[in-house]
Amino acid sequence: MKNNRNRMVMRRVLGFLPFYLFTFLPLSAQPGWVKKATKSVFTVKTFSADGSLIGSSNGFFTGTDGEAVSNFTPFKGASRAVIIDAAGKEMPVSAIMGANDMYDVVKFRVAASKTQPLTIATEIAPTGSTVWLLPYRETKVIKNGAVRKAETFQEEYAYYTVAMQTPETAVSCPLLNEAGEVVGLMQQPASAADSLSYAVSARFADSLKVTGFSLNDPTLKLTAIKKELPQTLEETNLLIYLAGSTVDSATYVGLVDEMIEKFPDAPDGYVYRAEIAANTANYAAAEKDMQQALKVADVKDEVLFSYARMIYNKEIYQNLQPFEPWSLDKALAQIQEANGINPQPGYRQLEGNILFAQKKYDDAYNIFIELTDTNLDKAEMWYGAARCKEMQKDTTAMLALLDSAVCTFSKPYLKQAAPYLWTRGNKRFDCGKYRDAVADFNEYEQLMAAQVNARFYYIRHQAEIEGRLYQQALNDINRAIQMEPKESLYHAEKAALQIRVGQYADAITTAEELIALEPDASNGYLFKGLAQCLTGKKKEGLELLQKAKDMGDPQADTLIEKYK
């Protein structure tokens with residue numbers, strides 16, 4: 001009986017023995033790569049802005065320049081992070097290189113001169129193959145298990161299910177194949193007692209990167225740790241361009257400085273920094289950066305274009321702050337050199353603008369006419385030519401060129417036509433073509449119905465008066481008053497128009513509204529007095545006209561003489 005019991009116990013022991021041999025192996029039975037691989041694994045700690053600990057996890061190096069991966073959860077809300085390597089050395093995390101919240105992975109860079117990476121497996125670990133869990137600073141005992149499932153995502157990466165029981169402290173530890181290549185990062189287990197564990201592709205984590213659109217990435221916004229610039233100049237240029245309208249000025253300056261540090265032999269960063277300096281009137285710094293941009297540029301025409309445009313903008317919009325090395329002549333020389341290197345319509349357009357600013361209207365006109373046969377905005381080129389003729393007092397040619405600008409669009413007009421319709425309407429008004437001006441304003445209103453304001457209706461009402469379209473003029477001045485009921489000018493214009501068309505009773509009402517708005521101004525008394533005189537109430541009217549005269553109105557004396 002005793003022997004039977006011993007045999008049963010032995011069978012149980014022998015029955016469990018293969019499992020333990022499979023999941024916990026002593027150092028002597030472990031692969032030869034274990035000792036070296038442990039030097040690549042570390043623990044990571046993250047901290048909030050006030051210095052308090054947010055969380056800790058594991059991770060490992062994937063590159064020799066401090067590139068590393070871990071799980072993203074501890075980084076959420078963090079302002080700072082450090083890693084502690086297998087030797088106990090602490091190193092700061094310098095920048096986030098990419099993150100994915102769905103699979104809870106992050107790639108980042110550690111501030112270290114050289115790091116020892118693990119090799120990332122290029123192939124998915126097949127079902128049934130043996131994989132090894134390498135914990136942080138563990139060289140005596142490691143676990144292994146069999147791949148139960150390798151589910152593919154994004155066509156080339158795997159999410160692994162492994163027959164292995166792992167502790168919660170193993171999150172983000174590397175999972176390696178028999179060759180010592182990392183196949184995955186361990187994920188948070190469902191429970192410590194779960195016999196199955198999960199890992200996400202290490203190649204996927206290592207592929208994470210910052211792109212030109214990363215400023216708006218909701219995942220990256222979850223951490224306050226600095227984000228690294230994209231690896232390519234093209235993507236970095238896109239990021240800087242988007243940053244110009246999405247981040248504060250200090251952040252933008254920092255991004256540009258990083259760009260120069262990362263791409264010192266590219267002119268782009270120096271041009272961006274020069275533009276920042278020029279916008280703050282630090283022209284000496286801008287000049288220095290533009291000279292450096294020209295020095296490092298392989299092809300200089302784009303830099304020369306930026307240089308000419310910078311000088312031009314300064315001379316046009318900030319000419320009260322002199323900077324001796326810069327002038328319109330220098331801007332012209334730069335753009336002409338750029339066009340000599342690589343002829344471009346855009347370069348010629350800037351040349352035309354510079355010549356216009358120099359009052360060389362014939363030369364500028366010829367360039368704008370030339371450019372109407374290019375891929376540039378034809379309406380804008382016709383408009384540029386029209387401005388030249390306007391400055392030469394050739395109103396007939398100016399209006400004809402504005403007609404050409406508008407004719408580049410077809411009816412029904414799109415919003416792009418609105419500025420040219422508005423401009424032509426105003427110029428027609430100035431030239432006494434009032435009904436034509438009203439027609440342009442009508443078209444403009446249809447295109448910009450949501451943007452037109454009281455000022456628009458006031459201007460159109462003036463054109464309608466001159467064109468003897470009195471009812472339309474009354475409608476428009478009423479619209480202006482509805483939009484800005486406290487603007488006294490509109491009430492005064494309405495009262496004057498009502499008197500002009502014989503609506504004397506209405507004019508009196510409007511004048512009273514004007515007096516209520518501005519009791520210390522003469523206009524209300526003048527219009528009410530005149531309307532009363534015109535309705536036969538000369539005594540009351542003359543009294544109001546006298547009041548307007550006493551308040552200094554120059555028109556009142558003539559009206560008093562007329563109706564006295």
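**Chat about a predicted model**

Colleague: Quick one to start. Is V44 buried or exposed?

Modeller: Buried. Its relative accessibility is 0%, and the cut-off for buried is under 20%. Keep in mind that this is a predicted model.

Colleague: Noted. Where does V44 sit?

Modeller: V44 is part of strand β2, which covers residues 41–47.

Colleague: And what does V44 touch, beyond residues up to four places away in sequence?

Modeller: G55, S56, S57, N58, S70, F75, V82 and I83.

Colleague: Let's zoom out. How many helices and strands are there in the chain?

Modeller: 22 helices and 13 strands.

Colleague: Why call the chain more spread out than a compact globule?

Modeller: Its radius of gyration is 39 Å. The globule rule gives 24 Å for 564 residues, and 39 Å is well over that, so the chain is more spread out than a compact globule.

Colleague: What does the C-alpha trace span along its principal axes?

Modeller: About 145 × 65 × 45 Å.

Colleague: What share of the residues count as buried?

Modeller: 48% of the 564.

Colleague: What about contacts between residues 24 or more positions apart?

Modeller: They make up 55% of the contacts that have a separation of 6 or more.

Colleague: Charges next. How many positive and negative side chains are there?

Modeller: 62 positive and 69 negative. The centres of the two sets are 8 Å apart.

Colleague: On to packing. Which residues have the most contacts inside the largest nonpolar core?

Modeller: I240, W326, I335 and I354. That core has 59 residues. Helix α8, residues 301–317, gives the largest share of it, with 8 residues.

Colleague: What does W326 touch, leaving out residues up to four places away?

Modeller: Y283, A286, E287, Y307, M310, I311, K314 and E315. Another core lies apart from the largest one. It has 26 residues, including A418, V438, V452 and I481.

Colleague: Switching to backbone geometry. Where is there a cis peptide bond?

Modeller: Between K411 and P412, with omega at about -5°. P412 is in the loop that runs between α13 (395–407) and α14 (418–430). Most peptide bonds are trans.

Colleague: Which residue has a positive phi of about 70° although not a glycine?

Modeller: S172. Its loop lies between β10 (157–163) and β11 (174–176). K359 has a positive phi too, near 65°, and K359 is not a glycine either. Most residues other than glycine have a negative phi.

Colleague: Is S172 buried or exposed?

Modeller: Buried, at 1% relative accessibility. Leaving out residues up to four places away, S172 touches S57, N58, G59, F60, S70, N71, L185 and M186. V44 also has S57, N58 and S70 among its contacts.

Colleague: How far apart in space are S172 and M259?

Modeller: 31 Å, C-alpha to C-alpha. They are 87 residues apart in sequence.

Colleague: Back to K359. Does it count as exposed or buried?

Modeller: Exposed. Its relative accessibility is 62%, and the exposed cut-off is over 50%. K359 is in the loop between α10 (345–357) and α11 (361–371).

Colleague: Another loop, then. Where does T64 lie?

Modeller: Between β3 (53–61) and β4 (67–70). T64 is partly exposed, with a relative accessible area of 40%.

Colleague: What does T64 touch, not counting residues up to four places away?

Modeller: S113, K114, T115 and P117. L118 is 54 residues from T64 in sequence, and their C-alpha atoms are 9.5 Å apart.

Colleague: Last residue. Where is the place of I260?

Modeller: Helix α5, residues 249–262. I260 is buried, with a relative accessible area of 9%.

Colleague: What is I260 in contact with, leaving aside neighbours within four places?

Modeller: G269, Y270 and R273. I260 and Y270 are 10 residues apart in sequence and 6.7 Å apart in space, C-alpha to C-alpha.

How values were computed:
Residues are numbered from 1 along each chain as its sequence is written. This is a predicted model: local features need pLDDT of at least 70, side-chain atom pairs count only at pLDDT 80 or more; totals for chains, interfaces and linings use all residues. Side-chain values use heavy atoms; hydrogens and water are left out. Helices (H or I, at least four residues) and strands (E, at least two) are DSSP runs, numbered from the N terminus. The radius of gyration is taken over C-alpha atoms; the globule rule is 2.2 Å times the number of residues to the power 0.38. Buried means under 20% relative accessible area, exposed over 50%, partly exposed in between (1.4 Å probe, protein chains only). Contact means heavy atoms within 4.5 Å. Lys and Arg count as positive and Asp and Glu as negative; His and the chain ends are not counted. The place of a charge is taken as NZ of Lys, CZ of Arg, CG of Asp or CD of Glu. A nonpolar core is a set of buried Ala, Val, Leu, Ile, Met, Phe, Trp, Tyr and Cys residues joined through side-chain atoms within 4.5 Å.
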